[in-house]
Amino acid sequence: MMRGLLFLALVLSACGALLQPGYASNMVLQRAPQQAILAGNGLTAGAALVVNFNGRNGTATASASGAWNYSLPATPAGGPYNITVYSGSSQQQLTNVLFGDVILCSGQSNMEFKMSQIFSNETYLNAASNYPDIRVLHNYNGNWQVSSETALSSFSAVCYLSALNTYNTSRIPLGLLQATVGGTRIELWSPPGTQSNCYGYDVPSFSSLYNARIAPFIPQRISAVIWYQGEANVNAAGVYNCQLANLVRSWRANFGYDDSLPWFIVQLAGWGSGSYRALSGQRQAQKNVADTVPNVSIYTAADLHDRLSPFGNIHPRNKEPIGLRISNGLLNKVESVRTIANAGSVNITLTISFVADQTTQGLAIRKINCSDPEISAYCSNLFEISVQIAGAAAVPTKWIAVQQYSLQNGMLVLSTVIPVNSSYTGWRYAWEDIPPMVLYNAANYPTLPYQSQAPSLFPSDGYYTMEYISYGYGLGYRNGSVVQGVQLSVVPRINPVWLFQSDSDHFGSLRHNSTGLYLTTSGVNCSSVSLEPKSGQNNQRWFMINTGLDDLRYSIYNSVCGWKVLNNNCNPALNVNLTVDTFGGCSIWSLNRIAPAPPSTTTDNVVGTTALPSGGHLLSYSAIIVCVALLVSLFL
């Protein structure tokens, strides 16, 4: 008899038995006022179950698919409890179960970063056994473990440190669910079909991590989600803005919550990602979601950088501040601008006030260590003001470093000199991949990086030059003039003018102004890009969205061969084509808007070409600058 019971216990343990993976001894179930849910599958349709908890029995019945769930009574924080599930001759028991708050921690490598890898790891690991009310589960099909040096050594540092700070205040048991994979894009974590409203950017096969790492936790009740991801989506901030908002809403809905489920975003830490401040644009996308989706808060790690990290400078070891920074709302800003004109320049002063709440208490400007080689190059432009040079519509906004900044009566005052023929358009703070940060409150929380006038997510209709990311290379034909049917490439100092006109879905046509032909993709897998007469087909409909990089840099997509991006291969010797988007620089284009679209034309009735003072089929870069004033007057 004992051998039979032992064999049954082993079978139940090995097969997951009556309860689905994720339910095991030592776990934490969500406390009242929520009702924790037990769930399982693989039973015969109609099979009866009995759940014994806290001296009482409850019943459940397996559905036609063999799945079942049972809602326990709402139970206050505490324990330990034993829970036993019976069905026929089978049973499964959970022992040493606590009720408390269950937190799901997910994302890529910085969320995966282990406790054993952080600074001061021995301090935390040596004390881990002092917190038996903190329990951890690393991936849904593992075993729940009570806090210990062994259990925490390979567990997420951001997840645990955030929980530890919370537990030290509340003394409520905490269950931490880790679902992380390094180097992964947000698409992989998205439920199937949920990203299709992001301008059609939906790849069904991209849901693999959601299916494998998140869906198995459902229908467990949770109290919050901490999300640290985004590095793998840098250079696509415009799409990410939509994708992250969709991810939050879809996870909440699939777990059975509305906007009441708290969601915490960790804003990306600093590392040298390249150029054009791509990380700043990605941080702005994260902030936009926190600003627009209810009950989403944001922690910033932008001031945390670690060029000497043995795990790569993208993985700073200083995770402790993230665990301490509980976001109580963003510091919203209101601007007032005063200018004083001089003969050759203008003195401009901005006064920025902060919404009065607990986050602004003790706001101060800190000194920074400009000898730090990671930030020394940026110490002179902590704050910047953007201006538009009069009559230079084709030139991106110019950013000018603020010469003087101070706090006066709780308000931030910025003063600097700008050219006399310019007008103020916005300001920004800590807008670098590795930003020096000087604004902190009394609780040691930094003010988030900020830009008051973010670039448009989608370009407005108008006439543009369209160049490779670093400027100087435009779409053309390497062996002569552009004509119908010739495959295009990028050519130095060639800058044709394109008329972009879009529909309500933001897809639109790109008409080559000199020839009146339309940018068209064709061939197997959209291998060819050329100029063709207007067809009105999808292979002439293009979608342009901001990448988050400075100075109107966009990615250009077409959906006729699936969601693919216009790619110049970073090589003038190769033809331009459409490829699967890897977010690299070869698929980023710099747009310069030189004139608005004629108000009488739409994507459905454009006929012929518009006479521009080009002197030929193609405009050179110098010609663009010279003709700006004429272009503006012609089309206004």
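Visitor: Before we get into details, how do you know which parts of the chain to trust?

Guide: Start with the pLDDT, the predictor's confidence in each residue, on a scale from 0 to 100. The chain averages 84, and 86% of its residues reach 70 or more. Strand β9 (residues 145-146) has the highest confidence, at a mean of 98, whereas helix α10 (residues 621-635) has the lowest, at 23.

Visitor: Which stretches have a pLDDT below 50?

Guide: Residues 1-16 are below 50, and that stretch has six contacts in the model beyond near neighbours in sequence. Residues 601-636 are below 50 too, with 80 contacts counted in the same way. Where pLDDT is low, the predicted coordinates should not be read in detail.

Visitor: On to the cysteines. What makes Cys198 and Cys242 a disulfide?

Guide: The cut-off is 2.5 Å between the sulfur atoms. For Cys198 and Cys242 the S to S distance is 2.1 Å, so the pair passes. The torsion about the S-S bond is -95°, and the link is left-handed.

Visitor: What makes Cys370 and Cys379 a disulfide?

Guide: Their S to S distance is 2.2 Å, which is within the 2.5 Å limit. This link is left-handed too, with -115° about the S-S bond. As for accessibility, Cys379 is buried at 17%, while Cys370, at 37%, is partly exposed.

Visitor: And why is the disulfide of Cys570 and Cys586 called left-handed?

Guide: The torsion about its S-S bond is about -115°, so left-handed is the label. The sulfur atoms are 1.9 Å apart, again within 2.5 Å. Cys570 lies in the loop between β33 (564-567) and β34 (577-579), and Cys586 in the loop between β34 and β35 (589-596), so the bond ties together parts that are 16 residues apart in sequence.

Visitor: Why is Cys586 called partly exposed?

Guide: Its relative accessible area is 21%, and partly exposed begins where buried, under 20%, stops. Cys570, at 39%, is partly exposed too.

Visitor: How many disulfides does the 2.5 Å rule give, and what is the pairing?

Guide: Five disulfides. Number the bonded cysteines in sequence order and the pairing reads 1-2, 3-4, 5-6, 7-8, 9-10.

Visitor: Let's go inside. What makes up the largest nonpolar core?

Guide: The largest core has 61 residues, and Leu29, Leu38, Leu72, Leu104 and Trp251 are those with the most contacts inside it. Its largest share, eight residues, comes from α7. Domain 1 (28-99) and domain 2 (100-331) each supply at least three residues to this core. Apart from it lies another core, of 43 residues, including Ile103, Leu161, Val234 and Ala301.

Visitor: Which residues does Leu72 touch?

Guide: Leaving out residues up to four places away in sequence, Leu72 touches Leu29, Gln35, Ala36, Leu38, Val51, Phe53, Ile83 and Phe99. In soluble globular proteins, nonpolar side chains tend to be buried together.

Visitor: How do you know that Ser280 is buried?

Guide: Ser280 has 1% relative accessibility, and the cut-off is 20%. It is found in helix α8 (residues 278-292). Beyond neighbours within four places in sequence, Ser280 is in contact with Ala430, Trp431, Glu432 and Asp433.

Visitor: What makes the Ser280 and Glu432 pair a polar contact?

Guide: A polar atom of the Ser280 side chain lies 3.1 Å from the backbone nitrogen of Glu432, and the limit is 3.5 Å. Also, the C-alpha atoms of Ser280 and Asp550 are 8.8 Å apart, although 270 residues separate them along the chain.

Visitor: Last one: why is Thr184 called buried?

Guide: Its relative accessibility is 5%, which is under 20%. Thr184 is in the loop between β10 and α6. Setting aside neighbours within four places in sequence, it is in contact with Gly107, Gln108, Trp189, Leu209, Gln229 and Ala232.

Terms used
Residues are numbered from 1 along each chain as its sequence is written. Side-chain values use heavy atoms; hydrogens and water are left out. Buried means under 20% relative accessible area, exposed over 50%, partly exposed in between (1.4 Å probe, protein chains only). Helices (H or I, at least four residues) and strands (E, at least two) are DSSP runs, numbered from the N terminus. A nonpolar core is a set of buried Ala, Val, Leu, Ile, Met, Phe, Trp, Tyr and Cys residues joined through side-chain atoms within 4.5 Å. Domain bounds come from an automatic or database domain assignment. Contact means heavy atoms within 4.5 Å. A polar contact is a pair of N or O atoms within 3.5 Å; within protein, one must be able to donate a hydrogen and the other to accept it, and residues adjacent in sequence count only if both atoms are side-chain atoms.
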